Amino acid sequence: MKVKVCCAQIALLTLIAMGCSVMSAVAFPETSYPGRDEYGDTCWYTNCHAVSNNDGTGPHGNYSATSNVCSLCHTVHDAPTGGVALLPEPTVTGMCLMCHDGTGSPGSGVYGAIIGRGLTVSSEHSVNATNVIPGGDIGGGDTTRDFSEGGVLGCGDCHTPHGSRTVARFAGERSRNSTKDTFRNAELRSTRLLKQLPTGATTPVVEYGSDWCMACHAGRGSWIGGPMNHPVDSKLTTSAPYVYDRVPRMSSDTATVDQVVGSMGRIADGTEWRVRHNRAFVMPWPRTVLQAGHAPICMQCHEDARSVGAVGAVASATVSTPNGTTATDNPRFQNFPHESTNPKFLVEVGDDLCTNCHPTEQLP
Ligand code: HEC
Ligand code: HEC
Ligand code: HEC
Ligand code: HEC
Ligand code: HEC
Ligand code: HEC
């Protein structure tokens with residue numbers, strides 16, 4: 001990751017006395033962080049991963065008269081000079097990395113897990129590094145944007161720290177670190193703090209799907225008269241586009257025709273939402289009625305790198321440990337859209353991607 005994290009960590013150590021003995025303890029969320037004693041806070045259970053944190057929001061929401069969370073991030077008096085919004089770090093992104101740090105623990109964040117496993121990052125939404133959006137121009141070319149971290153892309157361009165004005169909850173895939181994190185094995189539907197209006201967007205996006213990506217990549221959608229891209233389901237092609245949490249997927253790994261509409265993320269097995277699958281990355285040919293009038297969404301081509309298999313033989317999805325520590329896991333990393341081992345965040349590369357939906361018998 002192109003980010004200067006060491007200074008941020010050292011600055012953190014010296015600048016704020018958060019009451020933690022081991023700094024990596026704050027890292028997201030591997031070993032318990034003891035909290036700020038002066039606030040009577042035993043963070044792991046009360047504030048950060050509070051008992052009430054059954055929705056994965058952590059310190060980013062569920063604020064109440066009895067919670068004491070603001071102080072985890074804001075220092076009301078004598079905050080470090082040169083910072084913003086009374087934060088302990090000079091930048092918002094630095095602030096986020098204080099807890100969601102992929103290098104401190106090691107390799108347990110949404111960024112840093114790939115390098116932490118000794119592999120190479122092939123694509124990323126880098127933070128603190130760029131203002132250029134590939135395919136950001138509505139005409140199809142690249143464009144620049146005035147992002148939140150002094151003009152370049154940072155966490156705050158996609159996420160809100162306070163969980164305000166977010167997209168609707170959706171089921172995700174990522175295995176979170178903490179063994180104490182009950183949320184990890186329960187229903188995994190949350191907003192991921194995704195802003196309805198990523199920086200620069202003017203039309204709110206209420207569901208996480210192609211339209212959310214197109215808030216920045218305006219020239220990667222498909223519409224009559226637009227740039228020549230692969231067809232993509234979005235508000236520009238249909239009034240009710242499929243989204244990440246509502247897309248046709250094969251009804252089972254072995255189904256050859258039957259599809260159901262549901263999440264690309266984890267699905268329910270009885271009472272728990274822990275079943276991973278790769279069933280939304282393939283499409284039967286001939287297309288089914290559920291596919292009529294619809295194209296794929298961005299995430300059916302751009303997601304975590306994995307082995308998809310084919311219609312009738314979809315590869316099973318297994319994540320046995322967080323952060324890619326088990327090399328055979330599929331998908332090994334669940335860090336999309338932060339970093340990937342594949343170029344351009346492609347699910348699979350080369351023809352392997354195309355044949356997921358275009359078997360050779362379809363081709364003229
Ligand atoms: C997880 C860390 C975190 C927590 C917890 C948190 N904040 Fe913030 N807060 C931030 C960050 C980061 C910013 C800077 C946001 C930006 O500039 O986009 C911020 C900015 C603010 C601002 C300035 C907004 C502006 O327009 O300049 C206020 C006010 C604020 N927070 C109040 C609160 C209150 C009240 C709470 C508790 C109910 C709280 N925060 C909890 C991280 C946090
Ligand atoms: C004080 C530590 C701390 C800071 C600072 C912090 N986070 Fe978090 N964050 C957490 C914890 C703890 C969780 C909840 C994890 C869980 O229990 O599943 C969380 C959850 C999240 C989630 C998932 C939310 C969901 O609804 O699924 C996102 C996204 C996130 N944080 C982004 C950020 C960003 C962006 C920043 C900087 C603006 C930031 N965090 C700063 C500790 C922190
Ligand atoms: C807030 C604006 C923003 C949003 C929202 C956004 N992107 Fe990006 N995207 C960027 C920027 C900026 C870059 C360039 C990043 C870099 O150079 O590190 C980029 C790069 C990419 C790349 C190329 C990565 C590489 O390393 O080659 C792909 C593919 C991509 N984005 C797909 C998506 C998809 C799919 C979504 C929706 C899930 C999405 N983006 C949402 C701004 C955004
Ligand atoms: C280009 C937009 C973008 C940027 C920049 C970005 N994120 Fe995210 N982030 C996302 C999206 C989209 C998701 C939800 C992915 C999913 O669940 O499929 C997400 C999910 C997360 C999660 C939740 C992962 C989980 O366990 O479910 C955390 C934590 C997080 N981001 C932290 C960060 C931090 C910290 C930064 C900056 C260092 C950052 N993000 C930068 C788009 C972004
Ligand atoms: C059918 C599969 C497919 C769909 C759907 C798709 N992409 Fe792509 N995308 C690709 C492939 C393959 C590449 C690499 C091709 C290349 O680099 O020329 C790519 C490259 C990109 C790139 C980086 C290079 C560039 O030219 O900008 C971005 C950004 C991107 N896609 C964004 C998106 C967004 C946003 C969506 C949804 C609106 C989307 N893509 C939908 C397959 C797809
Ligand atoms: C997730 C499924 C999916 C993937 C992966 C996918 N496609 Fe498609 N593609 C579709 C659908 C759906 C259509 C609409 C027509 C149809 O049903 O075949 C389409 C249409 C097309 C068209 C016709 C476009 C037009 O304007 O008429 C071409 C060409 C194409 N795809 C090529 C590719 C190539 C090359 C790849 C690999 C880079 C690819 N597709 C990957 C689902 C997919």
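Which polar backbone atom lies 3.1 Å from an oxygen atom of ligand 3? That atom belongs to Glu124.

This is a predicted model, in which local features need pLDDT of at least 70 and side-chain atom pairs count only at pLDDT 80 or more, while totals for chains, interfaces and linings use all residues. Residues are numbered from 1 along each chain as its sequence is written, chains are lettered from A and ligands numbered from 1 in the order in which they are written, and side-chain values use heavy atoms, with hydrogens and water left out.

His125 sits in the loop between strand 1 (123-124) and strand 2 (132-133), and His217 in the loop between helix 5 (210-214) and strand 6 (247-250), 92 residues apart. Helices (H or I, at least four residues) and strands (E, at least two) are DSSP runs, numbered from the N terminus.

His125 is partly exposed at 28% relative accessible area, whereas Cys216 is buried at 13%. Buried means under 20%, exposed over 50%, and partly exposed in between (1.4 Å probe, protein chains only).

**Surroundings of the two ligands**

Ligand 3 has 22 residues around it, with His125, Ser126, Cys213, Cys216 and His217 coming nearest. Ligand 4 is also surrounded by 22 residues, and Cys155, Cys158, His159, Arg174 and His338 are the closest. A residue is near a molecule if one of its heavy atoms lies within 4 Å of it. The shell of ligand 3 divides into 14 nonpolar, 6 polar and 2 charged residues; that of ligand 4 has 13 nonpolar, 5 polar and 4 charged. Here Ala, Val, Leu, Ile, Met, Phe, Trp, Tyr, Cys and Pro count as nonpolar, Asp, Glu, Lys and Arg as charged, and the others, Gly among them, as polar.

The table lists side-chain contacts between N or O atoms within 3.5 Å.

| Residue | Ligand atom | Distance |
|---|---|---|
| Ser126 | oxygen, ligand 3 | 2.5 Å |
| Arg174 | oxygen, ligand 4 | 2.7 Å |
| Arg192 | oxygen, ligand 4 | 3.3 Å |
| His338 | nitrogen, ligand 4 | 2.8 Å |

Methods:
Polar contact = N/O pair within 3.5 Å; in protein donor to acceptor, adjacent residues only side chain to side chain.
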